[in-house]
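Open the model in your viewer and switch to a cartoon view. The tour goes from one selection to the next.

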Amino acid sequence: MELQGKTAIITGASSGFGREFAVLCAAEGMNLVLADLDVAGLAATSDLVAATGVGILTVPTNVAKPEQVEALAEQTWERFGGGHLLFNNAGVAAAGPVWSATLEDWKWVLDVNLMGVVHGIRSFVPRMIAQGGPAHVVNTASVAGLVSPPGMSVYCVSKHAVVTLSECLYHDLRLAGTQIGVSVLCPGFVKTGIAESHRNRPAELRATNPMAPVYGEKIRQIIEASSITARDIAEQTIAAVIEDRFYIVTHPESDCGVSARLNGILQRDAPKMPQIA
């Protein structure tokens, strides 16, 4: 896919992967549509890429709200006349054993991680089909969408759903004869702000798993120990888009866990404890 002069739409653009996607897409000469709940972070990302001279549109957006994602698409087409590279990237995390996860945990995480992707597909893909020509959709999942580690049930369910949603989208677009590619991003632990995602959690959904602090601290320690950066992940992702690769598994050591899970299914065995890098 040729990126120069095209338009990239990035949700979760205020930090982490989203910010690095913006930097790399701007370096490729792409117009940018930056969306996030974090208005200050959104402005910081915009300032970071402003010197490149590309067109930039910032739109405060809650991806859990379909009407806001639809408005994002409308503004994209109004400003740039089209959209070519969609990053359904916004994400949040909740931790703790499945039996003590609250209904509020489930609603918050699924509304953002899964329904945010659904809303992005529903609002942007029909427009991409109508405009014709090459385009691409990148859905941010996780290696937790390929294996099932303990203490991350709500998050894992949301990311497994994004993986299968992406696979179905790929098949549907092929059957429809479009030139729209799909990739699903499945990183392991990386130094991003995902562990602090509760800062944007709606007040009405504050009731969380009582074991969240214990499990969350373990996850934070693993994230801090990671030597892989958000920029590393973004570079792998842009390369995959250009090469039209579907699965973007950024941590090769994750392959062992994925393979063990698949073998267990084929052998009708009980699930083995996965290792996530």
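Select Val-33 first: its bridge partner in strand 3 is Leu-57. The model you are looking at is predicted. Now widen the selection to strand 2, residues 31-36, and strand 3, residues 56-60; the two pair in the parallel sense over five bridges. To get from strand 2 to strand 3, follow the chain through helix 2, residues 39-49, in a right-handed β-α-β crossover.

Stay on strand 2 and show its side chains. In a regular strand, side chains alternate between the two faces of the sheet. Which residues of strand 2 point one way, and which the other? Asn-31, Val-33 and Ala-35 point one way, while Leu-32, Leu-34 and Asp-36 point the other way. Six of the six residues in strand 2 are buried.

Next, select strand 1, residues 7-11. Strand 1 runs parallel to strand 2, and five bridges join them. For one of the paired positions, pick Thr-11, whose bridge partner in strand 2 is Ala-35.

Helix 1 has twelve residues and reaches 17 Å from its first C-alpha to its last, close to the 16 Å expected at 1.5 Å a residue. How many residues of helix 1 are buried? Nine of the twelve are, and helix 1 is mostly covered. Colour the buried ones, including Phe-17, Phe-21, Leu-24 and Cys-25.

Key. Residues are numbered from 1 along each chain as its sequence is written. This is a predicted model: local features need pLDDT of at least 70, side-chain atom pairs count only at pLDDT 80 or more; totals for chains, interfaces and linings use all residues. Side-chain values use heavy atoms; hydrogens and water are left out. Buried means under 20% relative accessible area, exposed over 50%, partly exposed in between (1.4 Å probe, protein chains only). Helices (H or I, at least four residues) and strands (E, at least two) are DSSP runs, numbered from the N terminus. Two strands pair if DSSP finds at least two bridges between them. A crossover is right-handed if, with the strands pointing away from the viewer, the path from the first strand over the helix to the second runs clockwise. The expected span of a helix is 1.5 Å times one less than its number of residues.
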